[in-house]
Amino acid sequence: GNDMSLIISYNMDTQKFQSFTPGTDETAISNVNIGPFTGLIVNLKNPKGITFRGNGWQPGTVELNKGINLISIPLNDPDVTRVSDLTKVLGDKVSLIISYNIAQGKFQSFTSTTAPGTPTDVPIEGGKSLIVSIKDAGSFDVVGDPWENPSPPPVPAPIMFSKVGIAHSSSPV
């Protein structure tokens, strides 16, 4: 809708990031279909909740290409709760994992040599994308339950005022 200012995807064929902005032609290569292997970075003018419908992920394998991958962890895996856990799973193949720090408004990186527990060792959350750079193609298994992100707080109903007549009295109260 009108709150979207930019959507970034990674094109595996060209090995480049590409952007879709309001006004981009619907036939543009950057207007990608969202599917099981699609990662997106979305920049919004205002916070917005989006609900997707369909069948959720089942435990399985996440395939990664050599180089840059834009991923989200599809299940709430109890063994992969922080970025440091993902670096352990990927082993020596991982070069860099980049996350976005909303509070600071900037991207931050984590490598296999970064100490667990540092500020860049962010929690893995449903619906949050990571940029993962690996040296060789690989995969990792994901098990767990579907993500149950908390619903955004309900928007309060508008307060309606109506004209109320006030009786005045000259007698003391």
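This is a predicted model: local features need pLDDT of at least 70, side-chain atom pairs count only at pLDDT 80 or more; totals for chains, interfaces and linings use all residues.
Local features need pLDDT of at least 70, side-chain atom pairs count only at pLDDT 80 or more, and totals for chains, interfaces and linings use all residues. Residues are numbered from 1 along each chain as its sequence is written, and side-chain values use heavy atoms, with hydrogens and water left out.

The chain holds one helix and nine strands, where helices (H or I, at least four residues) and strands (E, at least two) are DSSP runs numbered from the N terminus. Read from the N terminus, the order of elements is β-β-β-β-β-α-β-β-β-β.

Three of the strands form an open sheet in the order β2-β1-β3, with antiparallel pairing; two strands pair if DSSP finds at least two bridges between them. The edge strands, each pairing on one side only, are β2 and β3. From one strand to the next, the twist averages 20°, with axes fitted as lines to C-alpha atoms and angles running from 0 to 180 degrees between N-to-C directions.

| Strand | Residues |
|---|---|
| β1 | 4-11 |
| β2 | 16-20 |
| β3 | 40-44 |

Strands β1 and β3 run antiparallel and are joined by five bridges. I7 has V42 in β3 as its bridge partner.

Of the 173 residues in the chain, 24% are buried, that is, under 20% relative accessible area (1.4 Å probe, protein chains only). The chain exposes about 12500 Å², of which carbon and sulfur atoms supply 55%; accessible areas come from the Shrake-Rupley method with a 1.4 Å probe.

Notes. Buried means under 20% relative accessible area, exposed over 50%, partly exposed in between (1.4 Å probe, protein chains only).
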